Amino acid sequence: MTAYRVVILREGLALSGRHYTREAVQDVARRASGLRCFADHPTAVGDRLQPARTIRDLVGYFADPALREVPGPDGIARLEAVATLHLTPGLPWVTGLAEAATSLGGTTPVGLSIDAMARVRPGTTIVDAVPVVRSCDMVTRASAGGRFLHRIVPDRAITGTGMVRGTGGRGPP
């Protein structure tokens, strides 16, 4: 199975205008193990007619979640929820998008976006908590830092602690 180390959510201001707090990012990381990944978010109609989603759109699942701090564009450390995304075998178009995302950097054609229920401070766009994460989906425009970091080479298994076993290459998170 092809796997990638990814960022699910980043602390701070998202392109959507929401501001995700550290606590919200921690909530997502706690809920990421076993989380499903679908191609695109559901439409409003699709969500109403089939809230459990369809197996035809399932492209993978997440494992080995962790938290990491990285410097933001302003130099201030931001918390990120990271995980390993295991892609469903037999979907070359999905693997192709993931490969493009890791090789193209900032011009990536695909990112990752949570489909979740968030608690927002009244009168603001500040997300304090994410009590329910339904999925984290591959989308064309990820707004909250969801992205592919690198492909995990088969001889480099990631343990539950986030440590790398094997030889060479980049190490997560």
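Student: How many aromatic pairs does the count come to here?

Tutor: A pair of aromatic rings is described by the distance of the centres and the angle of the planes. In this predicted model, the count comes to 1 aromatic pair. The ring centres of Tyr4 and Phe148 lie 5.6 Å apart and their planes stand at 85 degrees; an angle over 60 counts as edge-to-face, so this pair is edge-to-face.

Student: Which parts of the chain does the pair link?

Tutor: The pair links distant parts of the chain. Tyr4 belongs to strand β1 and Phe148 to strand β9 (residues 147–152), 144 residues apart.

Student: Are Tyr4 and Phe148 buried or exposed?

Tutor: Both Tyr4 and Phe148 are buried.

Student: Which residues touch the most other members of the largest nonpolar core?

Tutor: In soluble globular proteins, nonpolar side chains tend to be buried together. Here the largest nonpolar core has 34 residues, and Ile8, Phe62 and Phe148 touch the most other members. Elements that each supply at least two residues of this core include β1 (3–10), α1 (22–31), α3 (92–104) and β8 (126–139).

Student: With which residues is Ile8 in contact, leaving aside its neighbours within four places in sequence?

Tutor: Among them are Val28, Phe62, Ala81, Leu112, Ile114 and Cys136.

Student: What percentage of the residues of the chain count as buried?

Tutor: Of the 173 residues, 40% count as buried. The chain has 3 helices and 9 strands. Among contacts between residues at least 6 apart in sequence, 64% join residues at least 24 apart.

Note on methods:
Residues are numbered from 1 along each chain as its sequence is written. This is a predicted model: local features need pLDDT of at least 70, side-chain atom pairs count only at pLDDT 80 or more; totals for chains, interfaces and linings use all residues. Side-chain values use heavy atoms; hydrogens and water are left out. A nonpolar core is a set of buried Ala, Val, Leu, Ile, Met, Phe, Trp, Tyr and Cys residues joined through side-chain atoms within 4.5 Å. Buried means under 20% relative accessible area, exposed over 50%, partly exposed in between (1.4 Å probe, protein chains only). Helices (H or I, at least four residues) and strands (E, at least two) are DSSP runs, numbered from the N terminus. Contact means heavy atoms within 4.5 Å. Rings of Phe, Tyr and Trp (its six-membered ring) pair if their centres lie within 6.5 Å; planes under 30 degrees apart count as stacked, over 60 as edge-to-face and the rest as tilted.
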